[in-house]
Structure formats: structure tokens, C-alpha cells
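Open the model in your viewer and keep the selection panel to hand. The stops below go element by element, then out to the chain contacts.

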Amino acid sequence: MTDISAQTEALGGLLTRDRIVRWAPVLVLVALVLLFPFFEFLADLVEGKEHVYLLDSRFFSIRNGARIGIAATPALMVAVGATFIIIMGSIDLSMEGTISVCAVLFAFAFLGWGGTLASWAWLAIPLALVVGALLGFVNGMIHVRLKIPSFMASLAMGFVGTGLALLLTGGDRLRVEDELFRSLLTVRWLNFPIMCYVALAFLLLAWFIQSHTALGRNFYAVGGGEQLAQSSGLNVARVRIMGFTLAGIFFAVGALLAVGRIGIAETATGNNFMFVSITAVVVGGTALWGGIGGVWNTLVGVLIVNVINNGMVVIGLPPYVQDGVLGTLVILAVALSTNRKSVTFVK
Amino acid sequence: MYALNKVDKHFPGVHALKAVDFQVGRGEIVGLVGENGAGKSTLMKIIYGAYQPDGGSITIDGTTMRFQNPRQAMNHGIGMVFQEQSLITNLTVMENIFLGYEQQFVKFGIVDWRAMAKAARHQLTKVKLDVDPAAVTSQLSFAQRQLVELAKVLTLEERIDGDLVILLDEPTSVLAKEEVELLFQLVRDLAKRASFIFVSHRIDEVLELSDRIYVMKDGAVVDVVTRDEADVDDIQHKMVGREIDKEYYREQKQAPYAADAPLIRFDNVSVDNRYRDISFDLHRGEVLCLVGTEGSGREAILRTIFGLETPTSGAVTIKGEQVTRFTAMAGVARGVGYVPRERKVEGIVNGMNVFENMTLSQLNKYSDLGVLRVGDEKEMAKDWVDRLAIKTPDIRKDCGGLSGGNQQKVVLAKWRSGGSDIILLDHPTRGLDIGAKEDVYEMVREMNDAGVGIVLVADTLEEAIGLSHTIIVIKDGEFQKRFDGTPGAKPSLYDLVHHMI
Amino acid sequence: MSFIKKFIEQETVSRRNFLLASAYGISGAAAMRMFGPSPVQAATYADPTIAWSYRNRTNPYWNEIVSGGEAFVESLGKQKEFLTHLINEGSSEKSLADVKALLAKTNGELALAIDTNDAPNARPVVEACVEAGAYVSTLWNKTDDLHPWDFGDNYVSHMTWSDEGPAERTARILLDAIGGKGGVVHLGGIASNNPAIERLDGLKNALKDYPDVELLDAQPADWDTQKAAQIMASFITRYGDEITGVHCANDTIGYGVLEALRAEGMDVPIVTYDGNPQAVDLVAEGKILATVFTNPHWGGGITASLAYHAAVGHFKPSDEPNEHREFYGPTIFVTPDDAREFKTNYLENVPTYDWQDFWGPSNGQIMYK
Amino acid sequence: MNLERIKPHFPWMTLLALVCVVGAANPAFFDPLGFLSLVTDVVPLFIMALGMTFAIYIGGIDLSAQQVANMVTVVATVYLSQFGIGVAVICVLAGFLFGAMSGFVTTRLYVPSFVSTLAMGFIALSAAKYLSGQRALSMDVTERNTSFGWMFDSTAGVPHQLAIAIALLAFAWFLQTRTSFGRALKAVGSGELAAVASGLNVDRVKILAFAISGAFAGIAGLVFSVKLSGGDANLANGFLLLAIVAVLVGGTPLTGGVGGVINTAIGTLIVMVIRAAMVYLEISATQQQMVFGVVLIIAIALTIDCSKLSGVVK
């Protein structure tokens, strides 16, 4: 009698190839965090200053950690939203428009309903989340019902969103000066501003959705094999639409944090989020073809991108080479975290 | 209990099911056999709700049903055990088991993993499989996955109060002999609770397990026999509609090969985790068949010859030259042609027409400085369409729209027109109807006569025996035995199976 | 019903035009156009379309420009919707394509005010307008070798601001405020934009007189608030307390810098540029030491006005001296002392300008280095 | 009426419908000279979209195109005086090289093209900034006119720029339909595994596809640079998304193997008409972008041939 139960593949030793690949993004992050202080160390060495490696590093300090945190939080929320979509094997490029609309509507409502969190204006926050969900829902409906690939549907929705934000503001900027709301940036607990904790809370929520709700697991099912999931009785269309809706909510959170960070809501609030967030997701090790990865990967990815951006300025890299260095490091990070054995081909 | 009454199904240009009557009684195990293309898969799809019939009705205990999708069918107790590919490999075992039905473990939006694991373990006990429900499916063996599939369908037991009908689609194709027996024992035990429809191309297995057997041919049920009165030859005869004999495999045309003209020599070749120390020779005019179970390393050997796998040790010599660069390009240049099993994915390019597919491996031959001579391409394609009697309205027809047999002919024409004299056939007759199969066998002999050496991984053991000059049995990547297949001295099925498992 | 009537009218007119064109022969018409830029006898139009082409509506600066353009249109007794807007979204390609489309639509009966987004784009825009017989006035971006007087009447004028001087002056205010010693950082605009270059040069000029102040770093923040905040945060990491002053290329960058400083609880003097309302408020509060108001409202109005009045023939550009064809716009310094007064005079009560006083507030002919 | 048969024709029918709608609302749109000028102006965008078609045709994408074009505007401006018209060769080669590198990173390092080309774009941007000294450069007018002045003339009413575009379209069409490379492209786009199993050098085909995309981006940058008589590291900004949209609207979906360069020509014209419609229909400034997005969704929904999208829509 063969023992079928004993056929399960052994997981192997500590340093299997799979394991290295899985942890590659973290290794890259650690390497970067150790590398930038090294350049500082070298620079001071050349100048003949005393410098204990890491200890004297300006980059490797809690204060700078908080700065990277501030820079990273809005992008993190956006990237987390995009992660769900990418796990499904789709892509969402509508974030710039969604963020702008949410930011602008939030500011309008916030200012119109009292202008401080200590009044009914706090309702502007749930409003922004609802608006994000709505835009995501429309995006998902266009993608699923009109059978337009998500790349195109969301790209066009992005145009619509930016256009809508412009229409709403007529080009004006809205200042959100409420001290209570701005305490997101100005009040610090344990050296980190509140916005970092808010982002952390939403990250945990995202992790919870990813691993402890049926919806979250269904994203993986759709990404792992859409047709199989369909034939198992899963309502794939519904999962997709819910996924885009959920992504919209996280984009809205990103929008709120972006407004909290600079105190201004405008059509341009969403600018530059698209490529940064997708890059961060992929750098973190979530595969564009779906089914692999998750929100912790995205956290690592966002940190990698922001550490690079911060570190390049800190070590005084000339501005014109910064883009190139970023590009090179991104290629490196993704190349390292791709398991070549599991991929037949890449496009 | 469950019945299909005069069910009809049309597809553009095809009358797939012709007034099919089909009944399943409570606790009964019903076999369904038929050649590929006979309508089995269409019938199954109608049963589990993926297709809706154009005519006729489906009744359960006399009540007429209409299922819009698989989920509705499931809610009426009809479940389908797919072949092993239908588990989502990046999910855990328990997630796969309860995919689409997680709601029962959700409280306040939270999935209770512990409860799900417990429930999954319960399902797994039903199929006597002891794996961790939280294990990722990709770590499971094929046999394990097959049992998980069954466990998944058995969740209907708890979910549905009424009767269950469970379809088993070729459940044994990836199982070893003992695993098959285990599965059969399971099914017999479960028949107390559910009825089964067992679909397989292995008639002996169907006979062993089923109470009644439906035989299908050309979209119609041609016979229903009970186990007692069933006879293998008789069923085969009805399925095929004609005698299966030695002529079927063109044994009378099997000529001796040129033992002095080796094409390929494998000398203790190994590929890590695939196969070890394999040695053989292939000669002009020879059919060499690699026999073994799924995952025994047969395909990996084919892929090594073609250049898609690089050996970790040993020497591969093709036409007297030792191979150092293992790439598909180099393989093609050496005159190797590969007819892959996944015809629709690897064989033809869906979306390209007949002549484009035929010249795909030999674009250099049909171009000057990169510019194609489309006229020559078409001429060649027309020539081969005639020679192989490829049924296509036009050489501009999209290959994806051709029938399986004609697609296979296009793939063969691709290699033969390019002058390949080593042809690797991986399940060349899989999914072909009987006439198309015979065409393939005919072509094998023709190629032999033309001095082509063929390495075959056959669809069935009968096919392997019937076609081969030489049979090599492989088990778990290791050489077991070599059989001579000269007509009249061919090994028996039993000889092979004995060494396979 | 009126729009149907309008449509029928348009239809007949265009059909007539079309018939005329075919009778004349299309090649003939093309030839006419090719002989195009005759400096002597540029046709004028009774009621040209007035258009403003600018980068985007997300920057308050351009909103001010637009408000000036609209004020001018209203001064003609028209609705402000009469002004056609072309937005290039930061794309030179779109800028040019939109202008061409408008030229085709209006058949050249156009008075165009434009910032071409990027200096190299000015030449093809101007050439296209001249060829079509339209009148164009440019603002900000053009290459040094392109001059209105080389194109007869159709290229009416170019206005820009010499940012080097004012930027130098704000820099001096900053450097004085920090007591003439310490370190400053500069956050610039898109590196290749002319104003970005000039504003940095202004700072560098000022620094020559302050040997004890070091320019610690200068990085482009692309006129973007969020990017500015991030770069400033990195600067703080790198230089920490060495930073005693921040020089920003414009107000929007300044906002980001202020927020980055605020997050650290730091208080470092900064100066900005452009004089947007929000920045003026911040100056009044003392959070920004100085900004430079370039009066975009007037600039937007007068650029459109120049093109319009030339197009209707109220003046003949080629008769005007060169200092009326290429000139600097006005600059007004805003410091904490006069910020409130300035705000009352210019922002809260927008002055009613005489849109035919083309050169009154201007600042002399453009000088090339 | 067989929908399946008409579907492939939807792109040009959409174009025709759009033209009619805009023309009906404002007949000035039908003025042949004006229309010709509109078409001529879209040439640089079209050239980039043409190259992008190759990347999308094999199921990838080239997000570096805009930055490569940016870089080329700088290269062209900097080296014009040194090499005269020969600078064109340098530009095309530079684009080709960058594209090839993207392809290499995609195929050999297994980095999806979405990321690899984006990253290569950053590197191209750095190169552009470095070469330009982060300033806007302008060409010497005489040199530009001696070397490239012919580009702005026209023969028999056909502007030479348009002639270049048509020549490139013909070349690309020839490449796609008449060469073994084009055939290989199609095979890789519609059935990569079968292409591998036919012994095609799939990696080389892909690298070449990206390289061609890069080369076309280079040509686009060159034409644009000459047209504007200058170059800087941001000059071609705004090309990228429109080029992608032009390819998609033309009916070449991201899944690869379907569509082609003729579709891109139609797609570019659709983009052009939508954009011109903003001007002709006097859409107010603050509404334009939103209208563009909505019309885009409708246009894509019309032009996309769902039946040709293999399997699931992702």
C-alpha cells in the first residue's frame, strides 16, 4: 500500500532557494539601510572627521526613520490598495485620479462642515472613504461589465478622476489648517508622527483582510487561477469589483494622509503616485501576474523606494544621477526577488 | 433519481449531443466511456452546470431543473471532481476545499481558520488523506491533489440534505496502481451517501468500478450495459464502431529499423530531480517508446533531446556529434522536431493561420535576409495540406479553429516540411478522435519509412506497444527495463505495468 | 432653439467657404498660406477668438493668469466664457497640437496668449500662428534666438520676468535675517525651466557678498509641494542644524518646506517666489520672510490684450520699438511689513487695470546675456 | 449581421463616427488643410505609438519610451553641430540600445516589462539630465535648417513630416507582416510556449521588439526635437500615456498577438480627433480632462475585440 499522505514535498533546510527568494526584498532593504550609512562613513573618512559606522550616521537615526515614514505613509496606503488588485493579476492605474477626487472632496466637506475635527467636519473623513470606494466600484464595474482589461479601464478612470477633481476645484487649492487634523503630522508618539501609526493601523487592517477574510483569500484564488476559481463556484466578477472598491478605499486613506502631510488638497495631490506605488508593489516581491505576495511585501517595497529616495539626497548624490540610480536599484531588487524556476516567461 | 431526458446541445457547426438519455440511481456508480470527441465532456459540462442544454430536460426526482452555472448545480448536490489541475496551487489545502463556500467559517467578517482547518481535516479523513490542511497545495503530489479534489466535492455531503451526484473526470490518469485501488475503495464506501458518474478512457477500470456503463459515440449514447453483462471487447467495439486489431496500430507496416544508423545516443544522462543515468540509442526508422507513469521522467527526456532541459551529467550525442548547447533553437537546427502534449498551447499558435504555423520553425528557410517569401510558404502549406489530408477550408484559416486532429497534422507538417528526421511525439493522439488517431499512426509509419527516428511518449500502453520497435520503461526517473517490440514478439500490457509501478 | 439656428448659420457659412475653397483650388489656398508671413500687410480681424494657452489649473499661479485673461475679456463687454482655454498639462506636444487645432478651427482669426510650456516649443507655436495669420503674444518661455520683430506684426510681444534680480533680493533678505552666517539650501523648480535656473542664479549672486554663508545643497523639487517636503526632510537629515535658511524657487515649494520643518518642530527662515495669496498670508504671519509678486493677473490680462489689440488693428506691432515687443513684467516685493497692505491692494481688491496701457507697469526691454 | 465579422472593423468605424460627430458639431473641422495640419502635428506621437505597438504586440509594454525620447531631444540638440544630419543615426541607435537593454532586463533578469522599462526610463532620464546640464538647449537655427529643414517642407501638399510618418508606418507594417521577425513577433505575442517549442529564439525576438520600440521612441524624439528646434530632459513629457492610449484604442490589446501597426495609425487618429474635439466643441477648460477620460472609456469599449482576448480579462 502506498502512503499517499507521505508524499508532501519536504520544505528543506533553512536556506533553500525559495526561502532566499521570498526574503530577497527584506535583504535588499537591509542592505540599503546599511549601505547609505557606509557612504556617509566614507565621506567623513575622506574629510578626516571622526565617524563610528552606524552610530554617527545621520541616515541611520530614528529622526530620519520618522522622515522616511512621513514620506512613505501616503504611498504605502496607495500601494496596499494596488496590492490587492495585483494579487488578482489585474492592475489599477486609477489611483492618481481617485486620490485627487478624495482629497478635494474631503477638503470641501471638512471646510464646509466646520473646519475642525472637533466639529461635525470629522464626517468628511468617512465621506472621503465612501467616495474612494465609489470610484473604485465604478472602476471595477467598467472593467468587469464592459470586459475592458483593467489596465485600460483604470487608466481611463484615472483621467476621469483627475478631470473630476479639476472640475470640482476649478484649479484652486484648499488649505486644511485644523490643528487637530494636522496633528497627524505634528504630534509625535515615540518619535513618530501619528500618521505613521494611522498607516500602520490600516496596514494591519489590510493584512487582516488579506489573511483573515474570505474576500482577501479570494483575491489569491482569482490570481492563482481565475477559471478554476470560477468553476469552483466563486463569483469572480464580484470578487473583482469588491477588490477595486477596496483598493479605492485605501487610495482614499492615502489621500487623507497626503492632505494631512502638507495641509493642502488640490488636483495635483494625486500626482506621481501611480508609478511609485506599482513599482513599490513589484519591488516588494508581489508578482504582476498575480497570486503571490501580500501587504507585508508592499510595506518592504515602499520602504525600499523611499529609503533610496531619502538616502540619495542624504549622501549627496547629484540630482541628475538620482533617477538613474533609482532605476538601477529597482531592476536589481526585482531581479533578486523573482524565482526564476517558477516563472516560465516574463513580458 | 437524476436523469437527463433527450438532451440536445449544438455548437456552431457541431451537433454535440443528440437526444441523450441518462439516468443515475441512488447510490449507483455509473460509468461513462467513449472516445475523445464522442461528447463525454459536453455531457459532463451539462451535468455540472457549465453548459445549458438546447433541448430536453434535466430532472432530479422528477422535478425539472435548470442550472445557470456550476454553483446552482452544486446547490442541488451535483459536484465535479476535476483532474488534478483544478486546484489553485497558491492556496492552502483547506482554502481549496472550501473555495467559494468560506462563508460558513466567517464570523463578523473574520475567517475562523481553526474551524476551517477542523472541517477540512474532517473532509480529508473521508478520503483517508492525512495532510496538513494549512499546507500550500503546490507542495502536494499529484495523487494527493486528486484526493483533495474529491474531498472538496464531498463537502456537499454536509451542505446538501438531498442526494448527491458526483462526477469523476479521469480521476486515475495521474495515479499509480495502488493509488487507483485506494480511490476505488473510497468511492465504493462513499456510494452509500452519493451516486457517482465515473468517466475514464481506461475501460478496464470503468468495468471494475461501475454498476452500469454508458457508451457514447458521436454525441449519442450507443449502449448501456450492466457490469455483469459487460465485455471489454464489446464495449470497445461499440465505442470505436469497428474492430480494434493489429491493423489499428499499423503493425503490418512496421519495418525493421536501421540498426547501423544511430540518430541519438544517450549515455548515462541525468537531469537533477527529473531522471538519472538514462542510456539508449535511437536509430533511423525506429520508434522508441518511453513508458512510465506521470512524473516518471519521460517528458523530461524528450525535452532534453529537444534542448529545453540541460543534462547535469552524461553525454547526449545526436547524429554523431556530442551536444554541448542545449537550446530549442539548436535542437531544431539538428533536425529535431517536437510534438508537445499541450497541443493548443505548445503545438500550434492559436491566432496564427495554417501556413504561418507550418513555417514557424523554419522561418529562415522561407525568407531572404529576413524578408518572407509568402508565396513559397503558401505553396508548401498547400502541398502538405494535401499530403496529410488536413481538413481546412483555407490555408489562411486560424489554426485555433481547426479540430484537434488537424491541428496535430499541422504540427507534424511543420516538422516534416522542415526536414526534421528526429521527431519527438508527446501524447500525439491525446484528445483525437479515432480517425485522426489512425492518421497519426499512418504518419508514424510513413516517417519511419522515410528514415525518421521517433521518440514516443504514448497516450495509452496499447498505443505504446502497438507502435514501438523498442520500449524503455522508466520509473521514478530510473531505467527499469528495455523491451523489444518487433511485431509478433511485442510485450504484453502486463509486462509493462509490472515494471512501471 | 437658438443653437439650432446657430448651427444652420454655421453650416451655410462653412459650406460657402468650402465651395469657395474648392473653386479656388486647394493648392492655391495652400500656396497663399505658404507665402504667409508678409511683414507689411498682416490682415486684421473684426472679432478674433481670444485664447489663453497655459500649463494647468492646479497651480494658483495659472489661475491668476486666467483671471487676468478673463478680466480683460470682460472689459471688452463680452462674457468671460468668450476666452478659450488651452491646457497643455505640461506637455509641449499637446500645447502645439492644441494651438494648431485652434488655428484650423478659427481659420487664423485668433489672438493667442500663450506660455509654451518649454522654451523650445515657442518657435513652432509662433511659426504656426504667423503662417495662419493669427496674432500671438508669449509669456515666460521662449528661446533667446526667437524675437517678435523677426515676424512682422503677427508675433506681437513676449513678456517675461527677470527672476535673477528679484531672487537675489529675496536671498539677501534671507541672508540678512540669518545674520550673514550659517548654511542655506535651495529647492528649485524643474531643473531645465528658465525661471528655476534664474532663481538659483539669483541666490548664488547674493551669496558672493556673504562669505560666511555656505550653499549647502540645491536640488530640483519640480515646483511640487509633496516632492519639496520630501527633499527638505532629507536635507534636514543630512545637514541638521547646519541649515539656517531655505531659499525656495516658488511658493508651492515653500509650502512643502514649511510642512517638513513643521513636522520636525523646526523654525528656519525661508523665502519664496510668485506671491500667491496663500504665500502672502504666510508672509503676513511671518512664516515666510519674503516672496516676489509678479502680478500674474495683470500679466495674463495684458498678454491677451496685446494679442487682441494687434489682431483688431488698434496698433501695429511692427511700428513699435523693440522694448515694446520684448519686455520684463513687473515685480513687487512682499515682506512681512507690507504684506497686509499688499494683500488689500492687489489680492482682495483686484485693481481695475487699463488693458490698453500695455507697457506702463512693465520693466524695460529684455536683456540677453 | 454578424458581430464577429464586424468587430475587427470597429476601430476605424469608431474613428469615422468621431470625425462625423465633431464635424457635424463644427463643420470647420472638415477643412482639409486644417485637418492635414492636425494630422501632421500628431506625427511625433504617432511614431512613438508605432514603436510602442511592437512592445504591446508581444504582450509587454514600454514605459521608457517617453524618457528615451526626452534623452534623444538632448542628444540631437547637443550633437547636431558636430554631426549634422548624421545625428539622426546616433539618436536612433541610442533609442535602440536603451530598448535592447529594457528587453535584456525583461527576458534575462525576469523583471516584468512594466517595471523594467519604467526603470530604464529613469536611467534614460538621468542621461538626459546629465547631457543637457539640466538646461533647456536650443539648436542653432542655421544648422537645424541645413540638416533637417527639409522635414518642414511639403511636396504636392503632403508635408514631409507626414511622409516620414507614412514611410515609417510602411516600414513597420512590412516588418510586422512580411518578415520572419514579424512572424516571430506574432508567435510570441499569441502563443509564446508554442514559439519556444518551435525552436524560435524567443528572448531575442522580445529584446528586438523592445529595441525597435526604443528606436522608434528615438525617432519620435528626434522629429520632435527638430520641430521644436531644441531639447531638454522634459521636452517629450506627456507623450507616454497618449502613445499607450493610441495603441490600445486602435485595438491592440495588452494581451498581445492581436492588432498591429495599422491599428495604431487608426488609434492615433482617434486620439487626435478626441483631443481636437475639445477645441472644436469648445469644451470648457476644467471639463476637458474628464471628458477625455469618459470618451476614452467609450472608445476602448467599442474598439476592443473581446473575442480575440484569449481567456479571462484581467
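Select helix α11 of chain C, residues 296–311. Its 16 residues should span 22 Å at 1.5 Å a residue, and because its end C-alpha atoms are 22 Å apart, the helix agrees with that expectation. The expected span is 1.5 Å times one less than the number of residues. Helices here are DSSP runs of H or I with at least four residues, strands are runs of E with at least two, and both are numbered from the N terminus.

This is a predicted model: local features need pLDDT of at least 70, side-chain atom pairs count only at pLDDT 80 or more, and totals for chains, interfaces and linings use all residues. Residues are numbered from 1 along each chain as its sequence is written, while chains are lettered from A and ligands numbered from 1 in the order in which they are written.

Stay on α11(C). Is it mostly covered or mostly uncovered? Mostly covered: 15 of its 16 residues are buried. Buried means that 20 or more other C-beta atoms lie within 10 Å of the residue's own; exposed means 12 or fewer, partly exposed lies in between, and C-beta atoms are placed from the backbone. Now step past the helix to C:Gly313, which follows α11(C). The phi of C:Gly313 is positive, near 85 degrees.

**The rest of chain C**

Colour chain C by secondary structure. It has 12 helices and 12 strands. Of its 369 residues, 56% count as buried. Take the contacts in chain C with a separation of 6 or more: residues 24 or more positions apart account for 75% of them. A contact means that two C-beta atoms, placed from the backbone, lie within 7 Å.

Next, pick out the open sheet of 4 strands in chain C, in the order β7-β6-β8-β9, with parallel pairing. Its edge strands are β7 (213–220) and β9 (270–271) of chain C, and each pairs on one side only. Two strands pair if DSSP finds at least two bridges between them. Zoom in on β6 (residues 182–188) and β8 (residues 243–248) of chain C, which run parallel and are joined by 5 bridges. Which residue of β8(C) stands opposite C:Val185? It is C:Val246.

Axes are lines fitted to C-alpha atoms, for helices over the stretch in contact, and angles run from 0 to 180 degrees between N-to-C directions.

**Chain B**

Move to chain B. It is divided into domain 1 (2–240) and domain 2 (258–335 + 467–501). These bounds come from an automatic or database domain assignment. The centres of the two domains of chain B, taken over C-alpha atoms, are separated by 36 Å.

Now show the open sheet of 6 strands in chain B, ordered β6-β9-β10-β3-β11-β12, with mixed pairing. The edges are β6 (78–81) and β12 (220–226) of chain B, each pairing on one side only. On average, neighbouring strands of this sheet are turned by 20 degrees against each other, direction ignored. Inside the sheet, β3 (residues 29–34) and β11 (residues 212–217) of chain B pair in the parallel sense over 5 bridges.

Then select helix α5 of chain B, residues 142–154. It packs on the sheet, touching β6 and β9 (164–169) of chain B, and its direction makes about 170 degrees with that of β6(B). α5(B) has 13 residues and reaches 19 Å from first C-alpha to last, close to the 18 Å expected. Of those 13 residues, 12 are buried, among them B:Arg145, B:Glu149 and B:Lys152. The cover includes β6, α3 (93–97), α4 (113–126), α6 (156–159), β9 and α7 (177–190) of chain B.

**Between the chains**

Show every chain. Which of the 5 pairs of chains in contact shares the most contacts? Chains A and D do. Their contact takes 44 residues from chain D and 45 residues from chain A. On the chain D side, α7(D) gives the most, with 14 residues. That side has 30 nonpolar, 11 polar and 3 charged residues. Ala, Val, Leu, Ile, Met, Phe, Trp, Tyr, Cys and Pro count as nonpolar, Asp, Glu, Lys and Arg as charged, and the others, Gly among them, as polar.

Turn to chains A and C. Here 30 residues of chain A are in contact with 27 residues of chain C. The side of chain A that touches chain C has 13 nonpolar, 10 polar and 7 charged residues.

Finish with chains B and C. They do not touch, and their nearest C-alpha atoms are 35 Å apart.
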